[in-house]
Amino acid sequence: MSVAAMPSRPVRKRLLEANPSVAWFLAILALFCLGVTALAEATGTGALSTSMIKTLGKTLCLCLVALAMDVVWGYQGILSLGHMAFFGLGGYAIGMWLMYARTEIIVAESLAEAAIPPTPAEIEDAIATQIFGVVGSDQFPAIWAFADSLVLQLAMVVAVPGLLALVFGWLAFRSRVTGVYLSILTQAMTLALSLYLFQNDSGLRGNNGLSGLQNLPGLDAVDQATVSIAFFYASAAALAAGYLLFAWVTSGKMGSVIRAIRDDEARVRFLGYHVESYKLFVFTLTAVVAGIAGALYYPQAGIINPAELAPIASIYLAVWVAIGGRGRLYGAVIGAAFVSLLSSWFTGGGAPDVDLGVYTIRWTDWWLVLLGVSFVLTTLYAPKGLGGLIDVIEARRARRRVGDYGPDKGALRREEGPPQ
Amino acid sequence: MLLRFLRTLLLVLLAVPTAGAAETLQDILQRHADEVADPGRRTVGPVIEDLVASGLPGVPSFLTAWSAREVVQRPGDGLFFVAEETGDDRLTLRDVATGEALATDVPEDTVEEVRPNGGVRRVIGTALVQFQLADPDPEVRRDAVQALSRSLEPDQIAPLERSIPGESDPALKARKEQLLAYLQARYGATTEARVAALDSLAGDLSVETRAVLNQVLDTEFRIAETPPEGPRVARVLTPGEDISREEAHAAIVEAGRAAAGPTPGEVKAALEANIAGGRVGGVPVAQLSSEAARARAYAALAEAGTVPPLVSPAQIEAALERHSFFEEYTETDAEVIAAAARALASTEVNVGLNQGLDLGLDALSLASIYFLAAIGLAITFGVMGVINMAHGEFIMMGAYTGYVVQLVIPDYTLSLVVALPLAFAVTFGAGVALERLVIRWLYHRPLETLLATFGVSIMLQQLAKNIFGTQARPLTAPGWLDGSLVVNDIVSISYIRIAIFVMALIFLAVLLVVLNRTRLGLEVRAVTQNPGMAASMGIDPDRINMLTFGLGSGIAGIAGVAIGLYAKVTSEMGQDYIVQSFMTVVVGGVGNVWGTLAGAGLIGIFQKSVEWLNPSNTLAAQTYMVLFIVLFIQIRPRGIVALRGRAAEA
């Protein structure tokens with residue numbers, strides 16, 4: 001790309017130097033993992049139940065998809081209302097293998113008791129009947145062709161959301177659809193996808209979705225406590241890797257171009273950059289990461305159905321990122337973790353009812369009202385979100401300094417020196 | 001028994017002399033006394049024929065009473081009466097012909113009830129039809145015609161034909177003629193009569209006519225060794241194309257022309273049953289996990305004679321080669337077949353045309369709903385470059401306003417008259433409040449308006465859920481909007497949809513007048529095109545924004561009442577329309593009434609067409625629609641009617 005074509009290379013800082021938040025983030029994540037390890041059922045005292053570990057693991061996956069959303073929206077200015085669809089597609093891709101492999105084991109066990117050994121075709125038919133009986137079919141649809149291979153399905157986790165994002169993004173960006181139009185269009189894509197998956201003949205079991213994903217094939221002997229902590233580690237590792245990847249993408253020259261596209265697309269185009277390629281790259285990359293996050297999320301959730309892909313899910317993703325703070329990676333993580341955990345606390349009946357005398361506020365009913373109001377207020381009065389609090393801390397620490405370096409330390413000129 | 005016979009004989013002898021003069025109903029009954037008292041389905045015919053042939057006025061009422069099991073026989077003299085229960089097992093006996101009460105307070109056990117069984121009652125009913133068809137009371141005639149239309153029988157032709165000339169009611173007469181045509185077409189005595197009747201049915205749209213034509217053209221699957229010929233062959237079936245090879249072979253087997261051969265399931269069962277020492281037919285059990293090994297084992301078993309032999313593919317092939325498969329008309333008359341096929345073809349063309357018309361009406365009605373739902377959104381988006389995600393919730397708010405008004409005002413017409421302006425007022429207020437409190441702070445951040453209004457949307461939705469509950473609330477249309485305008489059996493449209501269409505037209509007209517003929521409209525258009533310049537000309541863009549937003553929201557409220565009339569009012573109803581509205585705006589282009597109209601029309605037609613092509617699946621229609629829109633904006637990224645100005649740069 002144009003980065004390589006530049007004749008004189010400007011000062012390039014090391015990644016960690018340019019993004020002090022990376023080190024902080026990794027340290028906090030590591031501490032968190034250590035804490036969870038110490039308290040988990042399988043590895044420590046057992047103070048945290050298995051379902052709690054699963055919730056934390058799922059939250060880490062949500063943080064990862066929020067990171068992706070933050071890059072595409074906060075850094076590049078595309079308010080995508082389709083990233084939860086990519087997330088769901090990743091979940092479906094891994095779910096197909098989990099379901100197939102597990103059903104294969106069950107079917108093989110039941111057929112082994114027959115007097116004569118089954119033929120491969122019989123095994124296949126039995127699996128198909130087992131999986132698709134619920135939608136009145138006994139044939140494998142074409143899209144299940146690779147379901148018997150973990151490697152290929154893992155490739156699908158990356159390829160399906162990636163290809164969809166690539167094609168959709170190419171069509172949308174090349175016709176210069178931007179801003180609100182683009183948001184609506186991504187929402188339409190999400191809606192179309194979820195409606196398609198709701199059909200029984202979509203080949204993915206219609207509104208039944210894929211279930212039993214928490215049972216890993218061949219690992220029946222391993223208890224769920226161990227499985228949950230393993231997935232927790234995997235999610236944490238993926239989040240850390242995602243953070244590093246996106247810190248790298250958004251820093252340096254590439255990051256500057258991406259942010260410039262957000263701030264004034266036409267100007268960047270006039271400067272000679274091929275805006276569409278940058279947008280397409282970021283859109284596709286974030287879609288792939290969203291797919292990976294989904295592939296880690298749904299084995300912990302145990303079930304995926306088309307409702308998970310509904311447009312509302314993607315809007316909530318935007319809400320998390322907005323509340324956490326756009327344009328900063330840790331903001332997305334904070335937002336996703338904070339809002340999703342708070343949401344499950346409120347809707348799960350964890351929050352105590354407020355008795356007003358004439359009326360009792362039940363948070364299961366009023367949580368969404370509270371979320372809506374606080375969301376409007378965040379947008380109006382705190383566009384930086386919760387992440388803005390960190391700015392307040394930093395500003396206090398650096399109070400004696402003169403002048404404003406701007407939000408992006410990567411954009412500092414050489415003579416300004418490194419910020420403290 | 002002997003006694004009864006003698007008595008009957010005596011009565012018959014007594015009756016004979018009077019038969020020549022004026023035979024009464026009772027006389028005829030006595031002549032057939034045994035049959036009347038204990039009728040059988042096959043033997044009751046002559047009795048009824050005699051009764052009908054006598055032409056006596058009391059016959060219909062007697063037949064009715066007979067069929068209703070109200071006739072009794074007095075054992076003493078064998079006379080028949082119509083009995084009427086007067087309570088306490090007491091009966092009043094009336095004359096069979098005149099209905100005159102002959103004896104009252106007769107104990108029930110002194111007479112014998114005549115109890116015709118179901119088969120006899122059907123025969124009596126058929127005989128009654130001809131009386132009913134000519135009955136002076138039009139109600140009775142109508143019931144008779146309806147009963148006749150439910151079961152068309154050949155013997156109804158004559159009575160029906162006889163009753164037509166005397167029919168005074170034109171509607172009934174037309175119906176009778178139609179039924180006669182059906183009867184003639186199916187059971188007419190001569191080929192000419194049938195062909196004439198079939199020709200008269202050509203092009204008729206009714207489901208009944210199509211059913212009659214299809215019954216005439218009923219076919220039957222046949223197998224023959226010689227290739228079929230002649231007019232009765234409806235269709236020759238080629239195995240592997242029109243009929244699967246398995247089915248074709250099964251048909252041959254069923255006809256006893258080939259050996260069945262075991263099914264895969266039977267093969268497996270046979271293998272399982274013949275395991276001997278870990279082997280089947282010499283093949284070790286463990287190796288039986290492939291089709292080839294199983295075939296080998298089975299062949300070995302068949303050779304030993306323990307199981308019936310397999311039918312080889314070559315044998316199946318030969319059997320299929322030897323036979324022809326075809327569908328044959330059950331009708332034998334070639335001319336009738338040709339006439340029926342002609343009539344059906346012309347009917348089908350007509351049906352297709354009318355279905356197209358019906359589809360067009362459906363699409364128009366859907367388009368008017370989308371137009372109502374989207375026009376408010378299009379105006380606000382056009383003028384302010386702001387997408388209001390809470391637009392759907394304003395639709396819901398309007399519908400709930402209508403519901404609340406109906407709680408207060410029970411008269412549905414009046415409540416609708418009140419609800420429409422009130423819904424406008426409520427949502428206008430809500431829109432202005434939203435604009436003042438939230439949106440005006442975010443004009444330079446359009447994407448964040450999207451988010452903030454989304455926050456408002458989830459809040460309003462949950463509030464509605466908390467107030468009105470999660471179950472659907474009714475918004476009842478006034479009685480004069482019930483029912484449908486039925487043009488024929490295929491084309492019909494409900495009055496509510498017509499009302500919504502009219503409402504959409506009124507809105508279109510009002511908006512066009514407001515935008516093109518008023519000061520406000522001029523200012524709105526000015527701000528749409530260039531807000532900076534408009535402000536320099538003394539227009540207050542702030543005020544215009546507020547009013548426009550209020551107007552757009554108010555229209556959503558009215559759309560909500562309209563939609564609520566035919567759909568359920570729930571807290572989530574807005575969500576069903578919001579995406580469609582966005583699509584309409586995207587396709588149509590923003591800030592222009594005509595653009596929205598075109599967008600709504602395009603989407604309505606497209607959606608209905610897809611539903612028509614794939615009627616089993618309305619979800620697929622939505623999927624294809626989104627795909628269509630994504631491709632459409634490749635051609636026209638700014639919608640059908642593109643706009644220059646602030647929105648064009650958003």
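Guide: Domain bounds here come from an automatic or database domain assignment. The model is predicted, so local features need pLDDT of at least 70 and side-chain atom pairs count only at pLDDT 80 or more, while totals for chains, interfaces and linings use all residues. Residues are numbered from 1 along each chain as its sequence is written, and chains are lettered from A and ligands numbered from 1 in the order in which they are written.

Visitor: Into which domains is chain B divided?

Guide: Chain B has domain 1 (2-121), domain 2 (134-218), domain 3 (220-329) and domain 4 (355-649). Taken over C-alpha atoms, the centres of domain 2 and domain 4 of chain B are separated by 50 Å.

Visitor: In what order do the strands of the open sheet in chain B stand?

Guide: Strands of a sheet pair through backbone hydrogen bonds, either parallel or antiparallel. Strands (E, at least two residues) are DSSP runs, numbered from the N terminus, as are helices (H or I, at least four), and two strands pair if DSSP finds at least two bridges between them. In chain B, 5 strands follow the order S4-S3-S2-S1-S5 with antiparallel pairing, and the edge strands, S4 (101-107) and S5 (112-113), each pair on one side only. Strand S1 (residues 71-73) of chain B is joined to strand S2 (residues 80-85) of chain B by 3 bridges, and B:Gln73 stands opposite B:Phe80 in S2(B).

Visitor: Which residues of H16(B) and H24(B) meet?

Guide: Two residues are in contact if their C-beta atoms, placed from the backbone, lie within 7 Å. Among them, B:Tyr370, B:Ala373 and B:Leu377 belong to H16(B), and B:Tyr577, B:Gln580 and B:Thr584 to H24(B).
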